[in-house]
Amino acid sequence: MNQDAKKMANSLYGRVNAPAVERCRVNFCTDLEKSVLMSNFERRAWNQVGPDDEWNFYWASTQTCRNLFSVESGYRMNDNQIINHFPNHYELSRKDLLVKNIKRYRKELEREGNPLAEKAEVVLHGGQVVTRYVHLDFVPVTFVLPADYNMFVEEYRKSPQSTWIMKPCGKSQGTGIFLINKLSKLKKWSREAKTPFHPQLTKESYVISRYIDNPLLIGGKKFDLRLYVLVTSFRPLKAYLFQLGFCRFCTVKYDTSVTELDNMYVHLTNVSVQKHGGDYNNIHGGKMTVQNLRLYLEGTQGRAVTEKLFAAMQWLIVHSLKAVSSVMANDRHCFECYGYDIIIDNQLKPWLVEVNASPSLTSTTVNDRILKYKLIDNMLSVVLPPDGVPDVRWNKIPSAEAMGNFDLLIDEELIEKEEPSGHSRALKTKYK
Amino acid sequence: MEGRHEDDKKHTASKLAEEIKALAVYKSLYSDVQKLASSSIVRKDDFRQTLHQAMKDQGLETKFRNTIYHLVKTHSNKNKDPISLLTKASGQWEKRIHKSLNSMCTDLETALAKTRPQSEQEELLEKWNELSTYTLDLSKYRPVYAPKDFLEVLITLSGYVPYTREDEPKWEFAHLPLQVKTLDQLRKVFPEWANGEPLLGVNPNMPSSVPGFASLEAERISLGERVAILGYAPVVQEYLKKGSPQCLRAKLWSQVLGSDIQASHLEYFAQLKKDVLEIDLMIDKLIFKDVQLTASNDDQYFVFEDLLYQVMLCFSRDSEVMKKLKDSIGNPPTVTIKGKQTSADSVTVFPPSGIIPFHGFSMYATPFCYLYDDPAQLYYTFRSFYIRYWHRLHYISTHSQGIVSLCLLYERLLEANEPLLWIHFRNININPIRVVFKWLMRAFSGHLPPDQLLLLWDAILGYDCLEILPLLALAILSFRKENIFQVNTIQNVDAVLADLSTISVIPLLQLALMKS
Ligand SMILES: Nc1ncnc2c1ncn2[C@@H]1O[C@H](COP(=O)(O)OP(=O)(O)O)[C@@H](O)[C@H]1O
Ligand SMILES: [Mg+2]
């Protein structure tokens, strides 16, 4: 933050620069005692308290957060309290709701006659022609089952040779996922799911998405990206992208043959899946940095396509956030760090697979630990005002130094004010 | 005087002509000229002039110039090592390596070379693109030697020199009667760096001094694109001095090394593969083991594991490597191939490349995975790099770019420019070469992150020398010296130097060269 901004911030809060020792110590509470969190809190000399005590900073589970904000709890946060989730984060992080919100967002733009919602005809692998959004076609075609079953069948018939992926809406880490290449397999599944002993289980909904069967391969293996995105406000939207993401590789060569359809080591990139494979290496954990991916792509495929890919990923993130910004409970006490799962296809087009509201903070390797430690450290310095004490009255404009490895993706407030000064780290691309 | 000069020129020209005739590219060059000569652009009445002009216009002249450039660059050093003691030492070292290979064979009850059974050939062929799934029991195989074994040999070298003084520690390379440059002399080798000219790799947002460019990087890309189109190797070399943008590196490196792929290259590469399939060399296991111990466990390289197996296996079969390096790499043994009928080809040089890998040898090839995904293209650039530079890092010689001179250079630079560190090392009784030797021997591969490493290797190509390696070692030590002063065991010094992931190579080197 520049000098003026600092002065302004100080006068806003009616504070003067207090020497470090006199500052009130931050009381934190956490539901998760992961070492990358605890060591960051310790380094800041924060004081751990229980959930019923006077906390300033709560690293909560999504459940705790929902409870705190529920009407029944009657809890009211004061100005010096912040928490790491938005109460209805599931608008973004549930697989079915994410798609629903994106579909609605595109329709709204279309109705407004916004050029972003432009559509065009594209030719699929199989030769058939379909209409797609030109700029907002970044999630694979998806339906919710059982609700949209008929719509799915209609789509399925258009290209019966394609593969689909079934995912339970409320699960994570690759559990319950399977691939489908025949309608009969889906029918069989729906019969089996309705077991007479557990009729309530049939209530569980699934999403079925077009399987990206042409992923970009490196060394013959499929991978996806895990990118971290920090949101400090949805209205106006303020979001930051962490530079240190990583690629998660499968341990087994990619193979589209039908016999490998059930081999999850070929198709699912989740570490939680891959680590059970015989070829899992726990020194590198199948993870390569996004910076090295970029180096490789620039070296082997050139600069223009690489830049385009990375710009398209930022675009995708910004619009996925815009798609939910109107429905999010934009509470001033909240911030959230999302784990974006993105697959790049062999045409270097990125596809959004899902968004996690509680990305894993478990460290699988030494480098993973360093990365996640930095993630938390940088995140804390972005969400906290310059004096380090949570305060919702702060203008949420971190200085370039405070951003660390975060790049500004979008700050609608700044765009509005057209005040790019003090934000040398802001990404060049403008999102309107 | 004039006449003599002309004679010399003629002599050199005819010698070069002879050598070009012996090259693999000669045939295609010759037929290109023939085609041109018989075309209508070349006139009979002014044959010489019009042919020359046509060659220029068609890019053949550049091809010829590059051929000569590459020929001169790879000319092997015909004279034997002037210090006979080093020759003796390297001979003994070579014997030790051979002995250790042989005893490993005896222990494991296998042969250095044997025909590969049909079934195994088929399996290998089938898994050629995913050799990581080719199952081998390698538990009993050990690398023949590691950098620290080689260092022990080098350290005893000074003992071979008769005039070691009693009052000085024995480990100093300074006892060897070799000439190395001082920092001031190095400044003259790297004038662009020493003068503080703008270089790539300092700061991604560095502005350009040329109007019309948003940044230095944009300026370098635009210039580099033109250089690449021109394709004239000496110009490419000059360009690389200030660093290449990653998007042009693959092209520029292959141009400066003459490793652009031609049809004959692909055939030859296929032949190497065939040789791997047919003959089982004990070295194959060592290659598998080495990739497994290094790249497979490295988060920067594991995705390229399968590519590396292919490249390293083919390299071991490449007799052209040995031909080009015959005066620098000693005398590889000739062994009988078990299971083959006695005939002219039932014996083989072991291995045909003449190169026995050490622990970490694959790291000479790994960084190229960030430039080429085609195995053949990767192979030829790596091979050229090896023939020009890397072999000097693991063979004993008195060459000014050889590992012995580089160690000595490091030692001298440290003593002259970081005297307090030098004294500190003495006080804690650590030979300062020990803490940097593995960096030097692997040209920092596996130690620096790939983007930094590629910038460093740009400079090796640009200035056509390896002296940048000891200079970087010195610069890193200077940079971390406050931490080194705090510790007094080799383990702790190693710990201070273990993580180079935050090192910015170019600014550090430039700082070292600019300081006065
Ligand atoms: N549409 C798709 N096409 C290709 N692969 C997919 C697709 N959807 C998911 N995957 C693969 O499955 C993995 C798990 O899917 P995801 O939606 O992230 O569910 P989870 O919550 O279980 O992690 C992804 O990381 C990706 O590798
Ligand atoms: Mg996921």
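Let's start in chain B, where helix 10 (residues 216–230) packs against helix 12 (residues 246–257) at an angle of about 35°, their axes 10 Å apart. Helices here are DSSP runs of H or I with at least four residues, strands are E runs of at least two, and both are numbered from the N terminus. Axes are lines fitted to C-alpha atoms over the stretch in contact, with angles from 0 to 180 degrees between N-to-C directions. Helix 10 of chain B contributes B:Ile221, B:Gly224, B:Glu225, B:Val227 and B:Ala228 to the contact (heavy atoms within 4.5 Å), and helix 12 of chain B brings B:Cys247, B:Leu248, B:Lys251, B:Leu252 and B:Gln255.

This is a predicted model, in which local features need pLDDT of at least 70 and side-chain atom pairs 80 or more, while totals for chains, interfaces and linings use all residues. Residues are numbered from 1 along each chain, chains are lettered from A and ligands numbered from 1 in the order written, and side-chain values use heavy atoms, without hydrogens or water.

Now for chain A, which has 13 helices and 18 strands. Of its 432 residues, 53% count as buried, meaning under 20% relative accessible area with a 1.4 Å probe and protein chains only.

Key: Buried means under 20% relative accessible area, exposed over 50%, partly exposed in between (1.4 Å probe, protein chains only).
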